[in-house]
Amino acid sequence: MDNPPNQTLYIRNLNEKVKKDELRECLYYLFSQFGPILDVVALKTQRMRGQAFVAFRDIASATNALRSLENFNFFDSPMKIAYAKSKSNAYHRFRGELPGASSDDRKKPQKEKRKATDDGGKSAKKAKTSDSAAAAASAAPAVASSGKPPSSGNEKPNKILFCSNLPDETNEMMLEMLFKQFPGYKEVRLIEGRHDIAFIEFENSEQSSTARDALQGFKISPTHQIRIEYAKK
């Protein structure tokens with residue numbers, strides 16, 4: 001019997017060879033497209049290998065992520081996603097239902113707290129994710145947000161996109177997780193010495209336009225809203 005809808009998702013069939021920190025980071029960036037995340041739990045104990053939990057702030061976001069990412073090929077392994085049996089502790093803290101909950105807990109997801117103690121200098125392997133056209137089509141409208149940065153009306157379509165206003169911790173894996181779900185994705189190109197800009201190439205301009213429209217204004221971090229333009233020819 002399926003569990004009732006819940007803010008927390010249970011994910012299994014994950015690639016057990018991926019390191020814990022990398023797995024947690026990749027899950028965060030992949031699932032955060034669907035709504036604010038309170039916590040990502042990925043343990044490497046014998047009992048929890050190949051499994052993880054992702055806690056959202058609301059059921060609608062969790063449901064959207066479940067429907068869009070079920071069977072998503074994540075590190076060469078199709079994810080199996082279901083509602084968790086119970087709400088996570090992070091959700092109860094967010095609601096002020098656990099001792100020690102504070103206003104900061106309600107404002108900042110656990111991911112942000114972990115990043116405060118992270119040295120930020122770890123290199124990540126390229127995420128080996130691929131997706132079907134159906135999953136990409138369902139995921140694309142989910143990441144569109146209000147308050148998108150205005151784009152120039154006279155831009156000429158290009159298969160290469162120029163991304164700006166990226167956070168300092170941006171890396172190739174982080175951007176690939178966002179763009180590889182769209183058909184026609186080819187590669188991410190970073191600029192040495194610049195973490196705030198990047199180029200994303202697709203097979204043609206129609207495919208790049210789909211990704212651009214879907215991810216324009218996406219809040220890639222609590223303080224950075226991604227801006228996407230066609231690269232100048």
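Glu229 forms a salt bridge with Arg227, the closest N and O atoms being 3.7 Å apart, where a salt bridge is a side-chain nitrogen of Lys or Arg within 4 Å of a carboxyl oxygen of Asp or Glu. Glu229 counts as partly exposed at 22% relative accessibility, and Arg227 counts as partly exposed at 25%; buried here means under 20% relative accessible area, exposed means over 50%, and partly exposed lies in between, with a 1.4 Å probe and protein chains only. Elsewhere, salt bridges that share partners join Lys159, Lys186, Glu187, Arg189 and Glu201 into one network.

The model is predicted, so that local features need pLDDT of at least 70 and side-chain atom pairs count only at pLDDT 80 or more, whereas totals for chains, interfaces and linings use all residues. Residues are numbered from 1 along each chain as its sequence is written, and side-chain values use heavy atoms, with hydrogens and water left out.

| Salt bridge | Closest N and O atoms |
|---|---|
| Lys159 with Glu201 | 3.6 Å |
| Lys186 with Glu201 | 3.6 Å |

Because Lys159 lies in the loop between helix 6 (133-143) and strand 5 while Glu201 lies in strand 7, their pair ties together parts that are 42 residues apart in sequence. Lys186, by contrast, lies in strand 6 (residues 185-191), so its pair with Glu201 in strand 7 ties together parts that are 15 residues apart in sequence. Glu201 is buried, with a relative accessible area of 10%, while Lys159 is partly exposed at 32% and Lys186 is partly exposed at 47%.

Strands and helices are DSSP runs numbered from the N terminus, strands (E) having at least two residues and helices (H or I) at least four. Strand 5 (residues 160-164) has four of its five residues buried. Four bridges join strand 5 to strand 7 (residues 194-202) in an antiparallel arrangement, with Phe162 and Phe199 as bridge partners. Four bridges also join strand 5 to strand 10 (residues 227-230), again antiparallel, and here Leu161 has Tyr230 as its partner. Two strands pair if DSSP finds at least two bridges between them.
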